[in-house]
Amino acid sequence: MNAIDDQSSDWASRVLASLAPLRETAARSSVTLSEVAADDLAAINDAAARLTDIIALNNSEARHDRLNLIGAIKGYAEMLYEDRDQLHPAIVTSLEPLLAAVQAQTATESQQATFNNSDEEPGFILAVDDAPENRDLISRLLGKAGHTVITAESGQEALDLLETQAVDMVLLDLMMPGIGGAEVLTFMKSDERLRATPVIMISGRQDMDQIVACIQAGADDYLLKPFNPVLLQARISAGIERKRWHDREERYREQLERSERFIRATFGRYLSDDIVKEILENPEGLKLGGDLREVTIMMSDIRGFTSLSESLPPEQVVALLNRYLGRMTEIILDYRGTIDEFLGDAVLAVFGAPRSEGNDAQRAADCALAMQAAMAEINAANVADGLPELEMAIALNTGKVVAGNIGSERRSKYGFVGHEMNVTSRIEDVTGAGEILISDNTRQHLSKDYETGESRSVSAKGIGEQLVVYPLIGGAT
Amino acid sequence: MTTHAPSDNRSGPILLVEDNEVNRDMLIRRLKRAGFAVIWAGDGEEALAQMRQHQPSLVLLDINLPIKDGWQTCKEAREDADLRHIPIVALTAHAMDSDRLAALEAGFDDYATKPIDFPELVAKIQGFLNA
């Protein structure tokens, strides 16, 4: 309280000091005053004399008196100024320091009030009301609280302003001639950009039915005339807070969309849309850091493609590859395999990563059979185009690999490493044209319905073990 | 700075209750110049008597009053079936929001902080008279 007392007595001193030019000017014989102006000036002098008497007193009674007297001086000074057209120009000029002194503290005090209002964020507010005194009042009240207010005197003007101004909230009078508040509200709620902007309806008590309709139509709140300033402030704060939350949410959503785009860009080429969607919906199921998981690995290539490509013109090689790889990609994605890599005519795909479906080996086997079956169709098209027929070999193996984003910060890809990858590659080496060879591990994951041929033993060079493999002949029927 | 003509859809003068005569004279003069009919009282007891006699359209009530302060005066007006409809605006020297809230909870319809921002006060008065 003492701090405030000190302020009001400092203020009183400043006001008294600022009176000097006015008194000097009024005392000049060349300056004549109207009767009304003379009365006002006399009242100012009277109040100033009283203020001088109590300026040094320091108790709350004195503070109250000081504010009353400053208020009186302010009032008379403002009245004089209102009549400035009828005043001697010298009086108007010398009135200015006084006006500045009485009004300066008003601003400071209201800034304190705003400051006391703690963490309120200032907002950009559109007030729509056809009554000028209401627009004026709202501007003053909200301006004092630190908000920026723009006003519109009609629904049409409001709509025009909303087109160009990004406001935090709208105070909307219900009853206006022409386009009414309800219509402005309806427009805002139907507009993508304006939908989230909070709207507070203003109306008289008698329009309660329409207020209810507006709330149902999406208005956030309402205020009855005459305004209760504290309620107005509270609703404005709540509305701005709501808008800020919405904006924050929007930002998070954008961030999410960006990371979604990243995931799509990273996986989209390798994964079926279903899997990408599943990853996005269940992001915690996907560990990008790398994890050890059991997958079924598929490697396929076209037998003799290297020598074939050397004997064909480049555009024919590309045409052959694109038709072949395009069809294989479709089939692999159909069986929800993850394509890890194309290497010339070779395809490396994995079933069971980034997420397992429990029947990964089975899907890989079905996929391999479908791929071999599709070769007839591809070759028919090749023959029709005067291109050579192709023969494909596919190897399947099941085991644990490390799956994850492999590479550096700048360039990484979702990939797989581990011993079982090398094993698969060995199997692929010994797979014949038109054949599917599966490792014993893969076979154990398949039901008895899958038809396999005689087992073979593969000596895996550099791996130091004998592998048992089976030709996959037919699927489960 | 503009002055506002009073609306005539509410009859009855504005009652200003203020014990500080300097401030009271200023406000009376200023309200009259703005076109309002004004009567006044210097304390809470007199204010209630004036309200009963003249049925003002609105009361501007200082809080620090002799005999009966603004809180008590407002409370009694609210308990009086003949007076409770009359809007009462507190004139307070307290800028703190807690005090403003207290004023509203005590039954005041609005408040104005001293020194009075006159255009704002007129806007508030208009708001009540046009409501």
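Modeller: Buried residues make up 50% of the 131 residues in chain B. Buried means 20 or more other C-beta atoms within 10 Å of the residue's own, exposed means 12 or fewer, and partly exposed is in between, with C-beta atoms placed from the backbone. This is a predicted model, in which local features need pLDDT of at least 70, side-chain atom pairs count only at pLDDT 80 or more, and totals for chains, interfaces and linings use all residues. Residues are numbered from 1 along each chain as its sequence is written, and chains are lettered from A and ligands numbered from 1 in the order in which they are written.

Start with the layout. Chain B has 5 helices and 5 strands. Helices (H or I, at least four residues) and strands (E, at least two) are DSSP runs, numbered from the N terminus. Along the sequence the pattern reads β-α-β-α-β-α-β-α-β-α. Two residues are in contact if their C-beta atoms, placed from the backbone, lie within 7 Å. Of the contacts in chain B with a separation of 6 or more, 60% are between residues 24 or more positions apart.

Now the backbone. Gln55(B) is not a glycine, yet its phi is positive, about 45°. Gln55(B) sits in the loop between helix H2 (44–54) and strand E3 (58–62) of chain B. It has 15 C-beta neighbours inside 10 Å, so Gln55(B) counts as partly exposed. Ile67(B) also has a positive phi, about 65°, and is not a glycine. Its place is the loop between E3 and helix H3 (70–79) of chain B. Ile67(B) is partly exposed because 13 other C-beta atoms lie within 10 Å.

Next, a cis bond. The peptide bond from Lys114(B) to Pro115(B) is cis, with omega near -5°. Pro115(B) belongs to the loop between strand E5 (110–113) and helix H5 (118–130) of chain B.

Last, the contact between the chains. Chain B brings 33 residues to it and chain A brings 37 residues. On the side of chain B that touches chain A, the elements giving two or more residues are helix H1 (21–33), helix H4 (97–105) and H5 of chain B. H5(B) gives the most to this side, with 9 residues. By type, the residues on this side of chain B are 16 nonpolar, 7 polar and 10 charged. Here Ala, Val, Leu, Ile, Met, Phe, Trp, Tyr, Cys and Pro count as nonpolar, Asp, Glu, Lys and Arg as charged, and the others, Gly among them, as polar.
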